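Good morning, and thank you for the time on today's agenda. Please have the sequence and the model open while I speak.

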Amino acid sequence: MSLAKWIGGILGFMAGGPLGMLAGIALGYLFEQGLDNNTVDEGNWQTGSSGNRYGSGQSGSYSERYTQQQTAQGNRNSFLFSILVLSSYIIRADGKVMHSEMEHLRSFIRNNFGYNAVDQADQIMRRLFEQQKKMDSERAGAYQDIVIQSCRQIASNMQYEQRLQLLAFLADIARADGIVTGEEVNALRTVARALGLSDKEVDSMLNLSDGATNLDAAYKVLEISPDATDDEVRKAYRKLALKHHPDRVATLGEDVRKAAEKKLQEINAARDLIYKARSL
């Protein structure tokens, strides 16, 4: 599947503002490559779950279903492009582009859009990196400012649980090379705050992979301190499991839902380690 299909199909809140500007930079590359004729897959957007383009046997008018499909597709497109934009900021937070971090992003693109889309994603990321260098050469911190504005645009239009999943993916990017630098932590916290999320949520996402074996990490995953009472531990887990439930991001696509399922499994593993240590 061509990236041009979903970037060209961006709708809704990404039509303007800072994200719209950055999308224009990405689309500029696609136009230069002659891909602008392959932007929107109308057939897929107009097909009901039965496979019949007119959705026979389904409730609601064709117009209503088409509008719902457009909205859902627009939300997914916006989520996916937000990943690219924010990844361009996180990856270069420590001043270098690590191969392992780019490979993590490539793997995501490959799994969602196929091998042919990886080269396009690389080119789009290159354009975003170039834009970052250009803006920061004109004024230090200029790209960070546009990222913060983009995050606020996302926060105004994207559900809380979807923003949490976005943060989880960015934390995975930062962890991809096995070392999370202070610059990357600061960049993640900058993004999180602008998304309406907290520093504790950043720490939780950064410690997910260690929560099953490291007790200190497990407490950070549950966003509590080691001196929390047993009742506070149980309440913290229930709250975390609820807000990270995969069904809350299901509208963004099966791939995003599966990523949320993996995250919930890691949360459960951190809980199990704490419960075992406390004999709960």
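First, the conventions. This is a predicted model, in which local features need pLDDT of at least 70 and side-chain atom pairs count only at pLDDT 80 or more, while totals for chains, interfaces and linings use all residues. Residues are numbered from 1 along each chain as its sequence is written, and side-chain values use heavy atoms, with hydrogens and water left out.

Let me begin with the core. By nonpolar core I mean a set of buried Ala, Val, Leu, Ile, Met, Phe, Trp, Tyr and Cys residues joined through side-chain atoms within 4.5 Å. Buried stands for under 20% relative accessible area, exposed for over 50%, and partly exposed for what lies in between, with a 1.4 Å probe and protein chains only. The largest nonpolar core has 77 residues, and those with the most contacts inside it are Leu86, Ile90, Val191 and Leu222. Its largest share, 10 residues, comes from helix 4, residues 62-91. Helices here are DSSP runs of H or I of at least four residues, numbered from the N terminus. Which residues does Leu86 touch, not counting residues up to four places away in sequence? They are Val147, Cys151, Ile154, Leu166, Leu170 and Val191, where contact means heavy atoms within 4.5 Å. As a general point, nonpolar side chains in soluble globular proteins tend to be buried together.

I turn to helix 12. Helix 12, residues 230-243, has 14 residues and reaches 20 Å from its first C-alpha to its last, close to the 20 Å expected at 1.5 Å a residue. That expected span is 1.5 Å times one less than the number of residues. The buried residues of helix 12 are Val233, Ala236, Tyr237, Leu240, Ala241 and Lys243. They lie on the same side of helix 12 because they cover an arc of only 165° around the axis, the arc being that of the directions from the helix axis to the C-beta atoms. Lys239 and Leu242, on the other side of helix 12, are exposed. What covers the buried residues of helix 12? The cover includes helix 8 (160-175), helix 10 (199-206), helix 11 (215-221) and helix 13 (254-278).

Helix 6, residues 116-138, has 23 residues; from first C-alpha to last it reaches 35 Å, close to the 33 Å expected at 1.5 Å a residue. Among its buried residues are Ala117, Asp122, Ile124, Leu128, Phe129 and Met135.

Next, the charged pairs. The structure holds 16 salt bridges, each a side-chain nitrogen of Lys or Arg within 4 Å of a carboxyl oxygen of Asp or Glu. One of them joins Arg106 and Glu103 at 2.8 Å, N to O. Both residues lie in helix 5, residues 99-113, three residues apart, about one turn of the helix. Arg106 is buried, with a relative accessible area of 18%, and Glu103 is partly exposed, at 32%. Another salt bridge pairs Arg189 with Asp203, the closest N and O atoms being 3.1 Å apart. This pair links distant parts of the chain, with Arg189 in helix 9 (residues 182-194) and Asp203 in helix 10, 14 residues apart. Arg189 is partly exposed, at 24% relative accessible area, and Asp203 is partly exposed, at 23%. Salt bridges that share partners join Glu103, Arg106 and Asp122 into one network.

Lys263, in helix 13, calls for a comment. Lys263 is buried yet has no salt bridge, and the nearest side chain of opposite charge, Glu266, is 8.0 Å away. Beyond residues up to four places away in sequence, Lys263 touches Gln165, Ala168, Met205, Leu208 and His244.

Finally, the backbone. Glu223 has a phi near 60°, a positive value in a residue other than glycine. Glu223 sits in the loop between helix 11 and helix 12 and is buried, with a relative accessible area of 19%. Ser279 has a positive phi of about 60° although it is not a glycine.

Conventions
Helix = DSSP H or I, 4+ residues; strand = E, 2+ residues; numbered from the N terminus. Lys, Arg positive; Asp, Glu negative; His and termini not counted.
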